[in-house]
Amino acid sequence: MTLSPAGPTGVGGPIVAVPKDAVWERDPHTAAKHDLLKRYLEAWAPILLSRLDVISYAEGFAGAGVYKKGEPGSPVIAYEVFAETLHRFPKRMRVILMEEDARRVKELQHQMELARSRQTDDITKRIAVDIRHGDFHPALVQKLRGIGALGKPLFVLLDSFGGPDIPFSLLQELGRHPSTEVMVTFEPSFLTRFAEKHDGHRQLGDEAFGSQEWQGVFQQPPAGKFTFLREQYRNTLRQAGFTHTLYFEMVDEGGRILYLIFGTQHELGLEKMKDAMWKVDPSYGVRYRDPRDTQQQMLDLVFEPDTAPLRRILHDFISETPDGRTIPELKRYALLETVYRPAQVIETVRQLREAGAVTTDPRAINAKTRVSLATTPPTTRPAAEQGALW
């Protein structure tokens with residue numbers, strides 16, 4: 001991807017890497033985001049359309065709908081997922097796409113027409129596509145409100161070029177509605193590089209985070225700045241109303257870190273997003289460090305990941321109470337507080353038991369099992385094997 005600094009857009013405008021051309025090369029970050037989006041929407045749409053007549057999908061930075069080598073953009077990917085789903089359900093979809101670059105709007109209209117041409121007339125009549133030229137804020141919320149999408153199932157993708165360009169006020173408006181979910185791109189380097197000595201850039205940060213608490217990043221050691229901002233931004237989403245958040249850390253060939261942060265108010269949405277996350281192709285450069293893991297071990301995103309961090313995390317959680325924890329408690333904790341899936345808990349408990357770290361009552365592990373710390377310390381193992389467990 002050929003990128004160039006956009007330069008300040010006014011006094012406080014972001015200095016972020018923005019493509020010069022209307023259509024550009026797709027980088028590994030984007031490929032990973034699209035893979036994740038497709039897998040999640042494939043779960044999200046059927047669940048909702050099985051019981052509702054209409055659901056909505058919106059993008060604030062829709063782009064051109066295609067990349068230089070012909071790879072589909074997120075609007076086309078979403079449209080094709082919805083079309084496939086509507087073959088199974090006689091329901092309707094609304095797709096709202098915002099894009100500020102007129103050249104991209106023109107190409108996006110063309111790409112969406114091509115996507116429509118690949119479907120039957122019945123399907124195209126049941127997917128309403130609205131492409132708008134202009135800035136996404138506040139026009140996006142106004143449009144969603146105008147068509148009655150707010151307050152009903154809605155997924156909003158805010159996949160910008162990563163600067164602090166998504167105002168908290170927009171997130172707060174979306175978060176007022178329990179049936180809305182968001183996925184937001186967040187790149188921390190702009191604020192760590194430019195904001196400390198520039199009032200205008202700090203103001204952009206204040207508007208994005210909804211407060212000045214993020215400015216504590218200037219007192220953090222260099223190694224902790226990105227983590228601090230990431231957790232501050234997750235808290236911003238929670239303050240906006242998205243009670244459950246999950247983040248994905250993407251690192252390109254040059255070491256540039258980009259976060260994709262998901263927000264929902266439903267545990268099922270969180271679980272389905274985790275399922276999608278672990279299926280993303282690891283070659284795209286997506287990785288994760290569980291914030292509760294004291295060793296901050298880097299994880300490859302594969303469907304059956306290394307569960308050493310989960311063993312550490314569950315052991316600490318079990319140790320917090322003398323009565324231990326039930327399997328349902330451990331599963332819910334894993335879902336809400338870690339990157340791991342509830343389905344990974346039982347095998348992890350078995351591994352802890354085999355290491356002598358916990359006991360289970362009864363021994364068969366099921367929903368009625370209580371897991372407690374072992375009364376005797378775990379058997380001493382060689383250092384290499386201990387490292388594999390802890």
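In which loop does Thr 375 lie? Thr 375 lies in the loop between β14 and α14, the helix of residues 383-389. Bear in mind that this is a predicted model. Thr 375 is exposed, because its relative accessible area is 81% and the cut-off for exposed is over 50%.

**Zoom out**

Show the whole chain as a cartoon. There are 14 helices and 14 strands in the chain. The chain has 390 residues, and 54% of them count as buried. Take the contacts between residues at least 6 apart in sequence: 68% of these join residues at least 24 apart.

**Ser 74**

Next, select Ser 74. Ser 74 is found in helix α2, which covers residues 74-86. Is Ser 74 buried or exposed? Its relative accessible area is 5%, so Ser 74 is buried. Show what is around Ser 74, leaving aside its neighbours within four places in sequence. Ser 74 is then in contact with His 34, Leu 37, Tyr 57, Glu 59 and Leu 157.

Move to Pro 138. Pro 138 sits in the loop between β5 and α5. Look at the peptide bond from His 137 to Pro 138: this bond is cis, with omega near 10 degrees. Most peptide bonds are trans.

Now select residues 139-146, which form helix α5. Which residues of helix α5 are buried? They are Leu 140, Val 141, Lys 143 and Leu 144. Turn the view until you look down the axis of α5. The buried residues fall within an arc of 160 degrees, so they line one face of the helix. An α-helix has 3.6 residues a turn, so residues three or four places apart point the same way.

What does that face meet? The buried residues of α5 pack against strands β3, β4, β5 and β6, and against α6. Gly 148 follows α5 and has a positive phi, near 75 degrees.

**Helix α6**

Select residues 168-175 to show α6. How many of the residues of α6 are buried? Six of its eight residues are, and α6 is mostly covered. The buried ones are Phe 168, Leu 170, Leu 171, Glu 173, Leu 174 and Gly 175. Their cover includes α5, β6, β7, α8 and α9.

Go on to α11, residues 308-319, and α12, residues 327-337. Colour each one. They pack at an angle of about 125 degrees, with their axes 11 Å apart. α11 and α12 are therefore oblique to each other. Their crossing is right-handed. Show the side chains at the contact. From α11 come Leu 310, Ile 313, Leu 314, Phe 317 and Ile 318, and from α12 come Glu 329, Leu 330, Tyr 333 and Ala 334. By class, this contact has eight nonpolar, no polar and one charged residues.

**Last stop**

Finally, select Asp 361 and Pro 362. A cis peptide bond joins Asp 361 and Pro 362, with omega about 0 degrees. Where is Pro 362? Pro 362 is in the loop between β13, residues 358-361, and β14, residues 370-373.

Notes: Residues are numbered from 1 along each chain as its sequence is written. This is a predicted model: local features need pLDDT of at least 70, side-chain atom pairs count only at pLDDT 80 or more; totals for chains, interfaces and linings use all residues. Side-chain values use heavy atoms; hydrogens and water are left out. Axes are lines fitted to C-alpha atoms, for helices over the stretch in contact, and angles run from 0 to 180 degrees between N-to-C directions. Helices (H or I, at least four residues) and strands (E, at least two) are DSSP runs, numbered from the N terminus. Angles under 35 degrees count as roughly parallel, over 145 as roughly antiparallel, 65 to 115 as roughly perpendicular and the rest as oblique. A crossing is left-handed if the near helix is turned anticlockwise from the far one by less than a right angle, and right-handed if clockwise. Contact means heavy atoms within 4.5 Å. Ala, Val, Leu, Ile, Met, Phe, Trp, Tyr, Cys and Pro count as nonpolar, Asp, Glu, Lys and Arg as charged, and the others, Gly among them, as polar. Buried means under 20% relative accessible area, exposed over 50%, partly exposed in between (1.4 Å probe, protein chains only). The arc is that of the directions from the helix axis to the C-beta atoms.
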